[in-house]
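This report describes a protein chain and its ligand.

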Amino acid sequence: MSAITLTSVGLRYPDGTVGLAGVDLHIGDGEFVALVGPSGSGKTTLLRTIAGFLTPTTATICIDDDIVAGDRGTVPPEKRRLGMVFQQHAIWPHRSVGRNVGYPLEVTRTPRRERATRVAATLDLVGLGGYENRDPATLSGGQRQRVALARALVAQPRALLLDEALSALDEPLRDRLRLELRALTRAHGLTVVHVTHDRAEALALADRVVVLGDGELRRVGTPEELLTTPGTPFVAEFLWSATLLEGRLDATGFVDTDGSVVAARGAITGSDAAEEAGTLAVLPADVELRAPDAPDAWTSGIVTSSLFGRDASDVVIACNGIGVRCAVRGPRPRVGDRVGVTVRRASFHPQHRGVLGGSPAALPDTVATG
Ligand SMILES: Nc1ncnc2c1ncn2[C@@H]1O[C@H](COP(=O)(O)OP(=O)(O)OP(=O)(O)O)[C@@H](O)[C@H]1O
């Protein structure tokens, strides 16, 4: 397996839309990286650019020491030695499972006997040992996705690129394949770039999560780093469903635009300034419900949504025109209830960094291997 290095990757579509703007990223050998971001943030564009289906306007992309896109042109996808799996398993119905998996080896004219050995070994790897002669029409959705994975792995690619590869599967199966995929990639030291719209999946699987916004790389870090230091309100809101509040930090704490103290100074991280305007990001787990008139409540509001969750219910309270998201453990309030709200802890983001990301404080560009 291999490392992938992207330097200033920019891409503009023919109609002028900016797909990617100056993305710098190093993906370590054996690292599992998840690309996440809102719809249209550039996840698929980035993955397809690494794969070679899209040609960057400006960039250098290296796989190990091999420059696959740069000043001297680009290497076509089939010569990059990367394996790809898409959301819709592109399995050929008229070919047996074995011939589907062996296709990349046919292209490279691998001798028949070696092909059969490698197909069998790869099918074993994905839990489909002995399925060579099966007709794909007789397989379940999960089995077909395993065939697609085997086909991506059979030619021993330098890295595996997954584009929403698990998204089309129903939930219990998706959970199982997630575990299997992670165990497989860890055991074989595979380098993986995984695009997903599912934040929980990205955080559960990846060594590092890359957050994109408007074609820019907004934040890179381990799930733990992104939780403790989201870096920008954009990331706190996107990854952790944080509530964002505008206001000022002063000696007492963070004061919202209505003049109420949301949280005491000691409960806020992110700035040492005596006074500063900016955004407070409050994670749902750091909001607590109180009686509406509790003396220690920041404010009170009406519950507008209350969804059951096994570990914590997802409750939204309308407070001064803002929907405050709260993870409630224990008894869940009903829609229409008036409740008091306190903030236990929050991160402050000075205004000059901008709500949509600005220039986040850099996290160490470490390669986590856990
Ligand atoms: N062929 C195209 N021509 C013009 N613009 C495009 C094209 N494909 C994508 N875009 C634009 O490029 C930007 C990034 O799109 P991309 O599909 O990479 O986002 P994404 O993060 O994968 O979104 P989603 O989660 O919805 O799949 C968007 O503004 C999108 O509208």
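## Helix α8

Helix α8 (residues 233-240) is largely enclosed by the rest of the structure, because seven of its eight residues are buried. Buried means under 20% relative accessible area, exposed means over 50%, and partly exposed lies in between, with a 1.4 Å probe and protein chains only. The buried residues are Pro 233, Phe 234, Val 235, Ala 236, Phe 238, Leu 239 and Trp 240. Just after α8, Ser 241 has a positive phi of about 55°. Helices (H or I, at least four residues) and strands (E, at least two) are DSSP runs, numbered from the N terminus.

## Basis of the model

The model is predicted: local features need pLDDT of at least 70, side-chain atom pairs count only at pLDDT 80 or more, and totals for chains, interfaces and linings use all residues. Residues are numbered from 1 along each chain as its sequence is written, and side-chain values use heavy atoms, with hydrogens and water left out.

## Chain and domains

The secondary structure of the protein chain comprises eight helices and 22 strands. Along the principal axes, the C-alpha atoms fill a box of roughly 80 × 50 × 40 Å. Of the 370 residues in the protein chain, 51% are buried. The chain exposes about 17,400 Å², and carbon and sulfur atoms supply 51% of that area. Accessible areas come from the Shrake-Rupley method with a 1.4 Å probe; for residues, only the protein chains shown count as cover. Among contacts (heavy atoms within 4.5 Å) with a separation of 6 or more, 67% join residues 24 or more positions apart.

The domain assignment gives domain 1 (2-226) and domain 2 (231-348); such bounds come from an automatic or database domain assignment. The centres of the two domains, taken over C-alpha atoms, are separated by 38 Å. At their interface, 12 residues of domain 1 are in contact with eight residues of domain 2.

## Ligand surroundings

Ser 39 places a polar side-chain atom 2.6 Å from an oxygen atom of the ligand. For Gly 40, a polar backbone atom is 2.8 Å from a ligand oxygen atom. A polar side-chain atom of Lys 43 also lies 2.8 Å from an oxygen atom of the ligand. On its own the ligand has 630 Å² of accessible area, of which the protein covers 60%.

## Two loop residues

Arg 72 lies in the loop between β5 (66-70) and β6 (73-74). Arg 72 counts as exposed because its relative accessibility is 87%. Thr 60 is 12 residues from Arg 72 in sequence and 9.7 Å away in space, C-alpha to C-alpha.

Ser 260 is in the loop between β13 (253-256) and β14 (261-264). With a relative accessible area of 24%, Ser 260 is partly exposed. Leaving out residues up to four places away in sequence, Ser 260 touches Phe 254, Val 255 and Trp 298. Ser 260 and Thr 299 are 39 residues apart in sequence and 7.8 Å apart in space, C-alpha to C-alpha.

Methods:
Polar contact = N/O pair within 3.5 Å; in protein donor to acceptor, adjacent residues only side chain to side chain.
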